[in-house]
Amino acid sequence: MKKQLIPILILSSALLYGCADHLPEKETATLPASGASFAEQGDAAPQADPPAVITETEAGPGSVVNTDTADVSIANTDTADVSDIPQSVVSQPEDGTIADSGFYRVATGISSVEVERYAAQVRQQFLAHDWTAVASEIAYPVAISGVTYSSSASFLEASENFDGNLDDAFFSALEAEDCVEMFCNYQGIMLGETGQVWIGEVLDESLASQGLKIIAVNGLTK
């Protein structure tokens, strides 16, 4: 019986050995070395998001901009369209007028801007010795250095002798006048440190305004 089993065992061993030659080899996965980039692994490797690029722009140094998805347009505040600025930021009066400070309200209802413009005009006329212009701005009658003039004609006649008799202190005081927030009271507005010239709003017999006029001149001549 044992002799019959030996050939069978030998045959079985041979069959098993032959089959072993045809067994599929185990597949092994090769992992990328630590730190290797995906580009080195071939086209099938997943693509990582592109890194953020740090750029220096007018919006501020070190601004982070993603070149793949970020909107790279930057508004330059120096060249931005003014029409985009909210009206509340650049709001102005619709009629272009300037609000009145009311500084001369005690003397006149005319706006402060107009009062100071008129004062500067009168100041320049005196400094230029433009007696014709000064004569047209006087509210007559007016007393100047003790002499009363009832009309522009009488003032212009007297002015022919002014140049040799003018007081330097009068003109020095007007030169120092800046015509801004000048002293005023119910009588008028003063030009010059000691009131060399006074201007005020003049009313006619029906109390209608005739505008600003020169209402007094002090120390013009010696």
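## Basis and overall architecture

Helices (H or I, at least four residues) and strands (E, at least two) are taken as DSSP runs and numbered from the N terminus. On that basis the protein contains five helices and eight strands, and along the sequence these elements follow the pattern α-β-β-α-α-β-β-α-α-β-β-β-β.

The structure is a predicted model, in which local features need pLDDT of at least 70 and side-chain atom pairs count only at pLDDT 80 or more, while totals for chains, interfaces and linings use all residues. Residues are numbered from 1 along each chain as its sequence is written, and side-chain values use heavy atoms, with hydrogens and water left out.

## Burial, surface and contacts

Burial is assigned by relative accessible area: buried means under 20%, exposed over 50%, and partly exposed in between (1.4 Å probe, protein chains only). Of the 222 residues of the protein, 25% count as buried. The accessible surface comes to about 16200 Å², and carbon and sulfur atoms hold 55% of that area. Accessible areas come from the Shrake-Rupley method with a 1.4 Å probe; for residues, only the protein chains shown count as cover.

A contact is defined by heavy atoms within 4.5 Å. Among the contacts with a separation of 6 or more, 49% are made by residues 24 or more positions apart.

## Helix α2

Helix α2 (residues 112–127) has 16 residues and reaches 23 Å from its first C-alpha to its last, close to the expected 22 Å. The expected span is 1.5 Å times one less than the number of residues in the helix. The buried residues of α2 are S112, V115, Y118, A119, V122, R123, Q125 and F126. They lie on the same side of α2, because they cover an arc of only 160° around the axis; the arc is that of the directions from the helix axis to the C-beta atoms.

Within helix α2, Q125 counts as buried because its relative accessible area is 12%. With neighbours within four places in sequence set aside, Q125 is in contact with D130, A133, V134 and E137. Just after α2, H129 takes a positive phi of about 55°.

In helix α5, the buried residues are F170, F171, A173 and L174. Their arc around the axis is only 155°, so they fall on the same side of α5. The face turned away from this buried side carries the exposed residues D168 and E175. The packing partners of the buried residues of α5 are α2, α3, β6, β7 and β8.

Helix α4 (residues 152–159) has F155, A158 and S159 as its buried residues. Seen down the axis of α4, these residues fall within an arc of 105°, so they line one face of the helix. Exposed residues A153 and E157 are carried on the face of α4 turned away from the buried side. The buried residues of α4 pack against α3, β3 (142–144) and β4 (147–149).

Two strands pair if DSSP finds at least two bridges between them. Strand β5 (residues 184–185) runs antiparallel to β6 and is joined to it by two bridges; C184 has I189 in β6 as its bridge partner. The β5 and β6 strands form a hairpin with two residues between them.

Strands β6 and β7 are also antiparallel, with three bridges joining them, and M190 stands opposite W198 in β7. Their hairpin has five residues between the strands, and G192 in the turn has a positive phi of about 95°. Six bridges join β7 to β8 in an antiparallel arrangement, where G200 stands opposite K213 in β8. The hairpin of β7 and β8 has five residues between the strands, with L207 in the turn at a positive phi of about 65°.

## Cysteines

A disulfide is a pair of cysteine sulfur atoms within 2.5 Å, and by this rule the count comes to zero. C179 counts as buried because its relative accessibility is 4%. C184 is likewise buried, with a relative accessible area of 15%.
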